[in-house]
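Hi,

Here is the structure I promised to send over. Have a look at it first, and then read on for my notes.

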Amino acid sequence: LVVDAQARVRWANRAAERVFAMTIDEAIGANGLDFIHPDDIQLAVLAIARVQTKGVGTPLELRVRSGDGGRLIAMRRAPAGSGPAPTRRRGGVRCGV
């Protein structure tokens, strides 16, 4: 998912459809903070504000709700050209995505 400065989803892909159990059309325009674990919302809001003043975002790890609302997945996204591909953790095991 890609969100704008107001945390509205502006872009989604097929992987997001599977993780969040919604179509791309349903995701576009949704509040991106609705996908974030409640304990990580403040971090997400700060990260969205911070990235507005930078050319490239900083690494970030947030817990998100899956489509069934129960399972949490921690996702990390590194800036372009900063090293290995983004990773996803499930049950403490890190795997490339």
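Asp 40 touches Leu 62 and Arg 63, leaving aside residues up to four places away in sequence; touching here is a contact, meaning heavy atoms within 4.5 Å. Asp 40 sits in the loop between helix H2 (24–27) and H3. Its relative accessibility is 9%, so Asp 40 counts as buried. For that scale, buried means under 20% relative accessible area, exposed means over 50%, and partly exposed is in between (1.4 Å probe, protein chains only).

Before going further, please keep in mind that this is a predicted model, in which local features need pLDDT of at least 70, side-chain atom pairs count only at pLDDT 80 or more, and totals for chains, interfaces and linings use all residues. Residues are numbered from 1 along each chain as its sequence is written, and side-chain values use heavy atoms, with hydrogens and water left out.

Now the overall picture. The protein chain has three helices and six strands, in the order β-β-α-α-α-β-β-β-β from the N terminus. Helices (H or I, at least four residues) and strands (E, at least two) are DSSP runs, numbered from the N terminus. Of the 97 residues in the protein chain, 27% are buried. Among contacts with a separation of 6 or more, 30% join residues 24 or more positions apart. The chain exposes about 6200 Å², and carbon and sulfur atoms supply 54% of that; the areas come from the Shrake-Rupley method with a 1.4 Å probe, and for residues only the protein chains shown count as cover.

Which residues of helix H3 are buried? In H3 (residues 41–51) they are Ala 44, Ala 47 and Ile 48. They cover an arc of only 100 degrees around the axis, which puts them on the same side of H3. The arc is taken from the directions from the helix axis to the C-beta atoms.

Asp 4 lies in the loop between strand E1 (2–3) and strand E2 (9–11), and at 17% relative accessibility it counts as buried. A polar atom of the Asp 4 side chain is 2.9 Å from the backbone nitrogen of Gln 6.

Glu 61 belongs to strand E3 (residues 60–65) and is partly exposed, with a relative accessible area of 34%.

Best wishes

Methods
A polar contact is a pair of N or O atoms within 3.5 Å; within protein, one must be able to donate a hydrogen and the other to accept it, and residues adjacent in sequence count only if both atoms are side-chain atoms.
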